[in-house]
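Student: I am new to this structure. Can we go through it in short steps?

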Amino acid sequence: MTALTIGAFLSLSGKHARFGRQAQLGLEIWHTASPALNLLIQDDHSDPAVLRAGFRELADRCDLLLSPYSTHLTRTAARLAADHDRLLWNHGGSGDDVEASHPGHLISILTPTSQYATPFLHHLATTTPLPLWIAAGKGSFGRQVGDGAETTARALGLPTTRLGPEDDLASMATTQPWALLCAGAFEEDIQTIQRARALPVPPQVVCTVAAGVHEFGQALDHPQGIYGIGQWFPGTTPTPRLGMDEPTFLTAYRERAGVLPDYPAVQAVAAATIATHCATTAGSTSRTAL
């Protein structure tokens with residue numbers, strides 16, 4: 001098999017650029033350890049229309065295709081992969097509906113959104129069993145995190161109150177101790193926590209998807225004690241069977257970026273590592289062989 005070309009649309013600009021650029025840098029570091037491979041990355045500008053306009057051209061130049069970052073963009077990319085009879089390796093769209101879509105044209109490596117809050121809820125139920133308010137942001141991502149959290153919380157005996165993106169926390173204030181789970185875009189979660197803290201009775205326990213990345217600590221005053229959700233955290237992973245080991249990758253990333261990566265960088269590298277391993281093992285990049 002000749003040298004493989006692996007490609008991806010990533011958000012290097014627009015609203016998802018915070019994490020799209022991390023995925024890009026992670027893949028560039030991965031590529032330095034795999035010089036026999038070719039890497040092509042194009043900016044989708046966080047815009048599904050850009051994906052639709054350029055997907056076929058990029059797909060024709062690549063043997064293996066990685067997804068964009070974000071459930072919204074991956075939903076579009078998965079549909080395009082199916083339309084063009086290609087296989088998409090999904091590292092950036094964890095929505096349950098996306099991960100279950102287009103069988104035979106999509107392989108996902110992520111924990112789906114409905115399971116995001118499961119470890120936190122088990123911790124809450126066994127340590128501080130408080131009524132839980134679930135604040136979901138706009139869009140399907142927050143809704144799916146909230147749906148999964150609500151189902152799990154009820155199974156664990158935790159009373160729940162569901163808050164939509166338009167609900168006013170102040171109008172729903174409680175005088176009893178409570179816990180808060182935020183599941184929205186990064187900025188949405190920050191704003192929700194700030195409003196919750198300003199209530200006469202603020203939440204005793206807070207968990208948010210946004211706290212899974214380093215920038216959370218700079219975006220919110222006094223972030224200590226807030227639980228985060230992420231696909232990966234440094235130091236929690238055993239020695240990988242494939243690809244770069246964690247210390248080597250972290251050292252290289254810090255040298256390039258000045259900080260440690262967040263999980264979007266690592267999950268992109270994981271997808272690239274698995275995809276190339278499968279292609280090498282299969283001796284083919286055809287969709288059915290993979």
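Tutor: Two strands pair if DSSP finds at least two bridges between them. Keep in mind that this is a predicted model.

Student: In β7, what is the bridge partner of Ile 134?

Tutor: Start with the strands. β6 and β7 run parallel, and four bridges join them. Ile 134 has its bridge partner in β7, and that partner is Arg 162.

Student: Which hand does the β-α-β crossover from β6 to β7 have?

Tutor: Follow the chain out of β6. It passes through α6 and then reaches β7. That β-α-β crossover is right-handed.

Student: In β8, what is the bridge partner of Leu 132?

Tutor: β6 is also joined to strand β8, residues 179-183. Five bridges link these two, and they run parallel. For Leu 132, the bridge partner in β8 is Ala 179.

Student: How many of the five residues of strand β6 are buried?

Tutor: In a regular strand, side chains alternate between the two faces of the sheet. From β6, Leu 132, Ile 134 and Ala 136 point one way, while Trp 133 and Ala 135 point the other way. Both sets are buried. The strand is largely enclosed by the rest of the structure, because the buried count is five of the five.

Student: Is Gly 142 buried or exposed?

Tutor: Gly 142 sits in helix α6, residues 140-155. Leaving aside neighbours within four places in sequence, Gly 142 is in contact with Ala 136, Gly 137 and Ala 183. Its relative accessible area is 1%, and the cut-off is under 20%, so Gly 142 is buried.

Student: How many disulfides are there?

Tutor: A disulfide needs two cysteine sulfur atoms within 2.5 Å. The sulfur of Cys 182 is 8.5 Å from the closest cysteine sulfur, in Cys 207, so that is too far for a bond. The count of disulfides comes to zero.

Student: What about Cys 62: which cysteine has the nearest sulfur, and how far away is it?

Tutor: Cys 62 is buried, with a relative accessible area of 7%. Cys 62 is in no disulfide. The nearest cysteine sulfur belongs to Cys 278, and the distance is 17 Å.

Student: How many residues apart in sequence are the parts that Asp 85 and Arg 287 tie together?

Tutor: Side chains of opposite charge can pair when their charged atoms come close. Asp 85 forms a salt bridge with Arg 287, with the closest N and O atoms 2.8 Å apart. Asp 85 lies in the loop between α3 and β4, and Arg 287 in the segment after α10, so the parts tied together are apart in sequence by 202 residues.

Student: With which residue does Asp 60 form a salt bridge?

Tutor: Look in helix α2, residues 48-61. Asp 60 is exposed, with a relative accessible area of 56%. The closest N and O atoms are 3.3 Å apart, and the partner is Arg 56.

Student: Which residues do salt bridges that share partners join into one network?

Tutor: Glu 150 and Arg 154 both lie in helix α6. They form a salt bridge, with the closest N and O atoms 3.1 Å apart. Glu 150 counts as buried at 15% relative accessibility, whereas Arg 154 is exposed at 56%. The network joins Asp 147, Glu 150, Arg 154 and Arg 162.

Note on methods:
Residues are numbered from 1 along each chain as its sequence is written. This is a predicted model: local features need pLDDT of at least 70, side-chain atom pairs count only at pLDDT 80 or more; totals for chains, interfaces and linings use all residues. Side-chain values use heavy atoms; hydrogens and water are left out. Buried means under 20% relative accessible area, exposed over 50%, partly exposed in between (1.4 Å probe, protein chains only). Contact means heavy atoms within 4.5 Å. A crossover is right-handed if, with the strands pointing away from the viewer, the path from the first strand over the helix to the second runs clockwise. A salt bridge is a side-chain nitrogen of Lys or Arg within 4 Å of a carboxyl oxygen of Asp or Glu.
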